Amino acid sequence: MDERYDAKKIEEKWQKIWEDDKVYQVSEDPVKEKYYILEMFPYPSGKIHMGHVRNYSIGDVIARFKKMQGFNVLHPMGWDAFGLPAENAAIQNRSHPAKWTYENMDYMRTQLKKMGFSYDWSREIATCHPEYYRWEQLVFVKMFEKGLVYKKDSTVNWCNTCQTVLANEQVSGDGECWRCNAKVVDKSLEQWFFKITEYAEELLEFTHKLPGWPERVLSMQRNWIGKSTGAEIDFKIHGSDDVIKVFTTRPDTLFGATFMSLAPEHPMVSKLAFGTNQEAEVKAFVERMKGLDRIARTDDSREKEGVFTGGYAVNPVNGEKIPVYTANFVLMEYGTGAVMAVPAHDQRDFEFAGKYDIPIKVVIQPMGEKISWQTLEAAYTEAGLMDNSGDFNGMNSEEAKVAIIKDLEEKNAGKGTVNFRLRDWGISRQRYWGTPIPIIHCAKCGAVPVPESDLPVTLPEDIDFDAKALSPLAAIESFVNTICPSCQGPARRETDTMDTFVESSWYYARYASPRYDKGVLDRDKADYWLPVDQYIGGIEHAVMHLLYARFFHKVLRDMDLISGDEPFTNLLTQGMVCMESQQCPEHGWLSPDEVEGEKCIHCDKEIIKGRTEKMSKSKKNTVDPDHLINYYGADTARLFSLFAAPPEKDLEWSEAGVEGAYRFLNKVWRIVYERFNIIKDVTAYGGEAELDSDARKVRRKLHQTIKKVTQDLGDRFHFNTAISAVMELVNLMGQFETKTGTHKEVLREAIEVVVLLICPIVPHFSEELWELLGKEGSAVISPWPAFDPEAAAEDEITIVVQVNGKVRGKVVVAASSSEDEIKAAAMADEKVKRSLEGMSLRKVIVVPKKLVNIVVGN
């Protein structure tokens, strides 16, 4: 055995053995219980970062642990390979995005293999490969045939920097692009949509049937789906046959509606204003609103503003004529794009009415109190008793909701309905590097899906990224011009590509049969592996990827391609990797390599330390995993990322923490090296011989550690506390003197068990020690250590002694002591005796293995 722990040599050795022996390749085995673990696959941006190291180390520990427990483990990896960065790089470098993408995948694959992750690389997929997106196009066609895909003119979120459309979920709360942080603007385009709203009710319902998901994620999805129960009410336009439909959750306030607000994009705005004195002002307002993003328009802190359209609507319950405004805070995609405005009972309407001197009418009174519009300082939004509401006066407002809806339905002026905040998923993207939408446009036949036999529709390679067309594909005549599959006449191919979130919405299922060429999925394999048992990824995907994947799974289920209702049984959202940023007054943000002794290496000026935040290339507060691997080894990088914080919490980068992880591995190596000649020919303790107290102490700690690590890895994913428990055990082993033969056997047992306990965390290190110990087979496929309750039991226990509920002492007794023996020991304690002087004993309460409470009186 080498005296020095040589991480580089050991890791290269075992990575080659694992690859040559195909240790991690897996197939269906009906005899074994399956376990499918998956981390969100990466975009091939060029290099892995510490966020990848942490995320994939978490998944790898679970995969290895489950494999050692006897599960048939599927742990695949692939690439979310379409996307804007590749296209932008192609524009800058005058090269094809495929070249950039595949080169990055090759580099990152090498990095991931150096980390020793237990991926089944035979299942590797890349979403930019035709053998993958061919089946995505087929699913699109089937969705089109089922009415789950449609195209319409729409006001969309447009990013000028990325030159493409964004889904609502891809726009931040600040109105910025999720990818480049540029301000998002409105743009009118014809777009393709997936009817995710068809599944809104089920998506919402199943958020209550996912106990393995974090409540925070489920709550975010519920809020995004946004189910509201209320009424759809018809307001006729005065002097016209036109009707404006309004959705409201407060039909009880209908008698208090004193005006109506329309979104600037609402088609009735221009119609109402046409030919009136308000036409020019309305047109100017609408144009100004087009320049504002919708997120900013609806911000509660933004001033409410609008313009009278010149038209009036008629309140269906009292016949009152009310003015119709267009307002900045109403959005076309929410509800019907029209709001019944009740200023006495809605704060936003209250502010608007005050600004434009619109009447306010109180129709709900608080219980036991009378309010009037003259004394209102803010809208009254709570429940109460109906007032100024005709036949409904005096009724409880909650009961009135039902009664008013019934009245509207009898008059054919409205109906009870359910509304969702969720909107259909706009998937059109005006870019090249994405899955082509398999539709052909024919002047005679309309939109015609590409026949299955003609799939995949592949991306042309002769692309000119200097083309000025909205979509680069639109400039390639050989791609655009085609034949209609229905009438054989001339036609044009769709030039939009799909949102890249489509590819990531079903990749987890394709891993079950990645080379299957007869359909979307091999049903038998999919039924064996799905659903994913444990999914791991960032919280930032709560209402994008995770919601889309749930939708897609249900669509595939309804196409009878898979079973089950949900894709992921359990979800772990890991925290970010953070690091303190450092700035030089002259040279700006500095990387750790550009700082020496609190000074900038370029100018010797004192650095300014910023806050600890997410690692970012722009702020240079990043660490290259290659540096860690080359200097410390992959196992040290893995150990640090798992020990520094629980997986769901943010991890703060620390060079000292990395060095500490490296020292621990060297300590274990040194213990084995120093005791190697003592234990190499010894068999691990088997329980036959009698042990002295020192040996029992080590063995007790050993089996307590097995129990602790098993629980922490399997039930809670508390890797940090599992590692801490092993460290405590190793410290005790380092102090253990092998005086006798049984001592050597116990030490041998302890070393073998430690090697296996840390194997999921530091697999190369464990494999090398396992081989040095002369063990047959590989450590990574060895059975998980068995816990012995008898060995873990304490010889002695500490009992807390209370007098009238206050702690007065502690006594140490044999673990096997009877209740009477424990009472006697407690009463004999000197401190307790002093507390009992002059007192009369009433009773003694014994809580087994914990405490004795002596109750006394004067």
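Glu-598 sits in the loop between β26 (595-596) and β27 (599-600). Its phi is positive, about 65 degrees, although Glu-598 is not a glycine. This is a predicted model.

**Positive phi angles**

- Glu-598 is partly exposed, with a relative accessible area of 41%.
- Asn-412 is not a glycine either, yet has a positive phi of about 55 degrees.
- Asn-412 lies in the loop between α12 (397-410) and β14 (414-420).
- Asn-412 is exposed: its relative accessible area is 68%.
- Arg-94 follows helix α3 and has a positive phi, near 55 degrees.
- Asn-804 belongs to the hairpin of β30 and β31, where its phi is positive, near 50 degrees.

**Cis peptide bonds**

- The bond from Leu-455 to Pro-456 is cis, with omega near 5 degrees.
- Pro-456 is placed in the loop between β18 and α13 (477-480).
- The bond from Leu-530 to Pro-531 is also cis. Its omega is near 0 degrees.
- Pro-531 is placed in the loop between α15 (523-529) and β22 (532-537).

**The sheet with β17 and β18**

- This open sheet has four strands, in the order β18-β17-β20-β19. Their pairing is antiparallel.
- Its edges are β18 (446-449) and β19 (481-483), and each of these pairs on one side only.
- On average, neighbouring strands of the sheet are turned by 45 degrees against each other, direction ignored.
- Four bridges link β17 (residues 439-442) and β18 in the antiparallel sense.
- His-441 has Ala-447 of β18 as its bridge partner.
- As background, strands of a sheet pair through backbone hydrogen bonds, either parallel or antiparallel.

**The sheet with β3 and β4**

- Another open sheet of four strands runs in the order β4-β3-β5-β15, with antiparallel pairing.
- Here β4 and β15 (425-426) are the edge strands, each pairing on one side only.
- Strand β3 (residues 149-159) runs antiparallel to β4, and three bridges join the two.
- Asn-157 has Leu-166 of β4 as its bridge partner.
- Helix α5 (residues 130-145) lies across β3 and β5 (184-194). The helix runs at about 80 degrees to β5.

- Strands β30 (residues 796-803) and β31 (residues 806-814) run antiparallel and are joined by eight bridges.
- Thr-798 is bridged to Val-812 in β31.
- Two residues lie between the strands of this hairpin.

**Helix α3 and its cover**

- Helix α3 spans residues 84-93. Its buried residues are Leu-84, Ala-86, Glu-87, Ala-89 and Ala-90.
- The elements covering these buried residues include α4 (97-114) and β4 (164-166).

**Helices α19 and α23**

- The axes of α19 (residues 655-679) and α23 (residues 763-772) come within 12 Å. They cross at roughly 5 degrees.
- Why does the pair count as roughly parallel? The crossing angle of roughly 5 degrees falls under 35 degrees, the cut-off for roughly parallel, so α19 is roughly parallel to α23.
- From α19, Leu-665, Val-668, Trp-669, Val-672 and Phe-676 take part in the contact.
- From α23, they meet Phe-765, Glu-768, Leu-769 and Leu-772.
- By class, the contact of α19 with α23 has eight nonpolar residues, no polar residues and one charged residue.

**Nonpolar cores**

- The largest nonpolar core holds 190 residues.
- Which residues have the most contacts inside this core? They are Met-143, Phe-194, Trp-425, Phe-551 and Phe-552.
- Neighbours within four places in sequence aside, Met-143 is in contact with Leu-148, Val-149, Phe-194, Phe-551, Phe-552, Val-555 and Met-559.
- Another core, of 55 residues, lies apart from the largest one. Among its residues are Leu-262, Phe-350, Val-363 and Ala-400.

Note on methods. Residues numbered from 1 in each chain as written. Predicted model: local features only at pLDDT ≥ 70, side-chain atom pairs only at ≥ 80, totals over all residues. Heavy atoms only, no water. Buried < 20%, exposed > 50% of the residue type's maximum accessible area, 1.4 Å probe, protein only. Contact = heavy atoms within 4.5 Å. Axes fitted to C-alpha atoms, helices over the stretch in contact; angles between N-to-C directions. Parallel < 35°, antiparallel > 145°, perpendicular 65-115°, else oblique. Nonpolar A, V, L, I, M, F, W, Y, C, P; charged D, E, K, R; others polar. Core = buried A, V, L, I, M, F, W, Y, C linked by side-chain atoms within 4.5 Å. Pairing = 2+ DSSP bridges.
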